[in-house]
Each structure stands twice: as C-alpha cells, then as structure tokens.
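Here's a quick briefing to read with the model open beside you. Take it one topic at a time and find each piece as you go.

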Amino acid sequence: MAKNYDKQIEQDEDYDDIPFHYDYSEMMDIYAISPSGYIKDIEMISVAQERLKNYGFTLTRDKTLGARYERFAGTDEQRALSFSRAALSDSPIVMASRGGYGLSKILPLIDWELLKKHPKKYCGFSDFTAFNLAYLAKTGLVSYSGPNLITDFGREKIELLNAELFTETMRGELEILNFESEGSDPCDERGVLWGGNLCVMQQLLGTPYFPKVENGILFIEDVGEHPYRIERNLVSLWQAGVFEHQKAIILGHFTEYQTTDYDNGFDMESVISWLRETTKLPIIKGLPYGHGDVRVTLPVGKEVGVATQEGMAYLLLEEHHHEESYLGQCEHDNCTCGQQE
C-alpha cells in the first residue's frame with residue numbers, strides 16, 4: 001500500500017504537479033465524509049490529504065469514510081449519520097469523498113435541524129447536488145458545489161486551478177470569476193446562485209428537498225446524457241414553473257455523450273436554442289464547471305451578480321467595494337476566471 005502511495009507522490013513531482021505552498025498562518029480542517037458511492041482505492045485518501053496540506057488544509061476522516069455496503073459507502077443510516085458527526089465536529093469545512101449515487105435516498109434521514117444549528121461549508125459535486133439543494137430548501141443556508149476529495153485531490157494528476165479556486169473560495173478571497181462565453185446573451189443581473197447536476201436536480205422536483213428560489217441564477221451541468229435527455233429534464237423544470245422565477249441560466253459542461261444518425265442534426269445547440277426561445281431568459285455559456293477537467297467552486301444559495309460583455313462572462317461572488325471596476329485581469333496563469341486584487 002505504501003509503495004503505491006510513494007509512487008503517486010513521485011509521479012506528481014515528475015509532472016511538476018506539486019502545487020504552490022500557501023503561507024497561511026492558520027490551517028483549516030476539512031471533515032471528509034462518503035455520502036454516496038464507496039471509495040474504490042482507500043489509499044487515495046492519503047494522497048488527497050497530503051496534497052491538501054499544500055493549500056492550508058488538514059483532514060479529519062469520518063469513521064465510515066472508507067465503508068462499503070453494496071455499491072454505497074455504508075448503509076443509508078451510516079451515511080446519513082456522517083452528516084451529524086460532521087456538524088458536531090470542530091471542522092469548518094465538510095467535503096464529500098466522491099459522487100456516484102445514493103445521496104437522494106438518505107435525505108429524509110438527515111437531521112436538518114442539527115445541521116442548521118451548526119452551519120458548515122459543505123462541498124462536493126455531481127451526486128452531492130442532492131445535498132446542496134436539500135440544504136438550501138431545509139435550512140436556507142449556503143453550501144458549495146465544488147471539488148470532491150478523491151475525484152479532485154486523490155486523482156492521478158490534479159487540476160491545480162481547481163485546488164486554487166477551492167482554497168480561495170473557502171477563505172473568502174475569490175471575488176469574481178471571468179470565463180470565455182461566446183454565443184451568450186447580453187446579461188447584467190443579480191440573484192441567488194443555485195443549481196448543479198441537472199439529472200439530480202430534476203429527480204428532486206416535487207419533493208420537500210427542491211428549493212423554491214426566487215430571482216435565481218441557475219447553473220446546470222451533466223455527464224453521459226444524450227441531448228434529448230437533457231432537454232427532457234429541462235422540459236420538466238419548465239413545465240413545473242421553475243424558470244418563471246429565474247433571472248438567468250448559466251450552462252456548464254455537458255460531456256460524454258454521442259449523437260446518432262437518428263438525431264438528424266439534433267444536438268446540444270438545438271437544446272440551447274429551445275431553452276432560449278422558451279424561457280426568454282439570458283443564456284450564458286461556457287461556465288468551467290461540471291465533469292470536465294476544470295471545475296470552479298460555486299456558492300449555492302448566495303446572492304451574486306452576473307454579466308456578459310464582449311464574449312466574456314463575469315460572476316461576482318464577493319463584493320468588497322473596490323474603487324476600480326470588478327472586471328479586472330485574472331491573476332491565475334492560463335485561466336479564464338478572474339480575481340481582482
């Protein structure tokens with residue numbers, strides 16, 4: 001086991017993948033839980049833990065972090081109780097180990113009053129969308145759609161930008177995200193940012209765990225879903241009246257699907273055209289979020305600003321009232337997301 005772990009760290013060095021060491025005087029602890037699928041390679045927890053140190057984080061492992069029951073990381077009860085232990089811990093951040101499936105099953109078992117009494121910065125993506133939306137619906141509090149422990153920090157080669165943006169977001173340092181957004185509609189709006197994986201979101205429609213967001217800025221992504229399935233899920237949201245309460249829709253990654261001759265030209269652009277024409281909302285494209293390599297960290301349930309200008313989009317996350325414009329130059333190398341100093 002140790003031999004493989006050492007090999008992984010050596011591989012990081014070979015690829016010049018050791019990140020910048022953040023000089024924070026105070027480390028932040030992350031409480032790691034497994035609310036969905038089980039971790040296939042437990043060794044990767046240690047890999048992720050070592051990498052997180054470079055960004056100013058320590059790691060506390062929930063006692064069922066590496067559990068396995070069928071395809072899940074423990075029984076439904078075990079996984080639900082991990083949220084209670086996380087809420088009662090001293091850790092300010094709680095991170096999911098991975099996605100998969102299983103979180104929606106345990107939503108009725110989670111002690112939402114306890115979580116509301118002990119707020120944390122919960123973070124994860126994909127299947128974790130079920131928690132993000134339920135947490136907003138049940139408590140009204142902000143959580144984060146962003147990295148998973150194993151998916152992002154335990155993988156063979158990490159995406160450094162994901163780690164940097166997560167770090168800055170957790171410490172309240174990231175003010176604005178800039179990203180290329182060709183083909184987007186003119187937009188200058190403020191609203192409540194919310195969303196996540198479209199399939200998981202649609203699954204919660206009509207349940208007590210689907211938040212009623214007024215003046216929302218909805219962001220969505222999906223993976224492995226044919227465009228007609230994407231459109232079918234969007235039709236459900238449209239017919240349920242969800243879009244009537246939104247100010248804008250931001251599109252992230254839609255990856256790992258294939259069209260066929262039967263589609264006769266029907267593709268994601270067809271879906272986007274339908275969405276634009278039907279909702280009459282500004283459609284913003286190009287958000288670096290989802291199941292692609294680059295994945296920004298987004299606050300679910302927080303009021304933000306969004307604007308487009310000359311092929312770029314700007315998502316204002318923290319307003320610190322600088323004298324200069326927020327539409328500033330990005331300080332990350334080879335990146336389209338921006339932060340004003």
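Strand 9, helix 11 (residues 268–279) and strand 10 build a right-handed β-α-β unit; right-handed here says that, with the strands pointing away from you, the path from the first strand over the helix to the second runs clockwise. Helices (H or I, at least four residues) and strands (E, at least two) are DSSP runs, numbered from the N terminus. You're looking at a predicted model, where local features need pLDDT of at least 70 and side-chain atom pairs count only at pLDDT 80 or more, while totals for chains, interfaces and linings use all residues. Residues are numbered from 1 along each chain as its sequence is written, and side-chain values use heavy atoms, with hydrogens and water left out.

**Around strand 9**
- Strand 9 joins strand 10 (residues 283–284) through two bridges, and the two run parallel; strands count as paired if DSSP finds at least two bridges between them.
- Look for Ile-250, whose bridge partner in strand 10 is Ile-284.
- Strand 8 (residues 216–223) also runs parallel to strand 9, with seven bridges joining them, and Asp-222 stands opposite Phe-254 in strand 9.
- Another right-handed β-α-β unit is made by strand 8, helix 10 (residues 227–239) and strand 9.
- Is strand 9 (residues 246–255) mostly covered or uncovered? Seven of its ten residues are buried, where buried means under 20% relative accessible area, exposed over 50%, and partly exposed in between (1.4 Å probe, protein chains only).

**Two loop residues with positive phi**
- Most residues other than glycine have a negative phi.
- Lys-280, in the loop between helix 11 and strand 10, has a positive phi near 60° without being a glycine, and is exposed at 67% relative accessible area.
- Asn-215 isn't a glycine either, yet its phi is positive, about 50°.
- You'll find Asn-215 in the loop between helix 9 (198–204) and strand 8, partly exposed with a relative accessible area of 44%.

- Six strands make an open sheet in the order 2-1-3-4-5-11, with mixed pairing.
- Strand 2 (57–61) and strand 11 (298–300) sit at the edges with a single partner strand each, so one side of each has no neighbour in the sheet.
- Strand 5 (residues 143–145) and strand 11 run antiparallel, joined by three bridges; Tyr-144 has Pro-299 in strand 11 as its bridge partner.
- Helix 2 (residues 43–53) packs on this sheet and touches strand 1 (28–33) and strand 2, a contact being heavy atoms within 4.5 Å.

**Salt bridges**
- How many salt bridges does the structure hold? There are ten, each a side-chain nitrogen of Lys or Arg within 4 Å of a carboxyl oxygen of Asp or Glu.
- Arg-295 and Asp-152 form one of them, at 2.6 Å, N to O.
- Arg-295 lies in the loop between strand 10 and strand 11 and Asp-152 in helix 7 (residues 149–153), so this pair ties together parts that are 143 residues apart in sequence.
- Both ends are tucked away: Arg-295 is buried at 2% relative accessible area, and Asp-152 is buried at 4%.
- Glu-189 and Lys-247 make another salt bridge, at 3.3 Å, N to O; Glu-189 is in strand 7 (residues 188–197) and Lys-247 in strand 9, 58 residues apart.
- Within helix 2, Lys-53 and Glu-50 are three residues apart, about one turn of the helix, and their side chains meet at 3.7 Å, N to O.

Notes: Axes fitted to C-alpha atoms, helices over the stretch in contact; angles between N-to-C directions.
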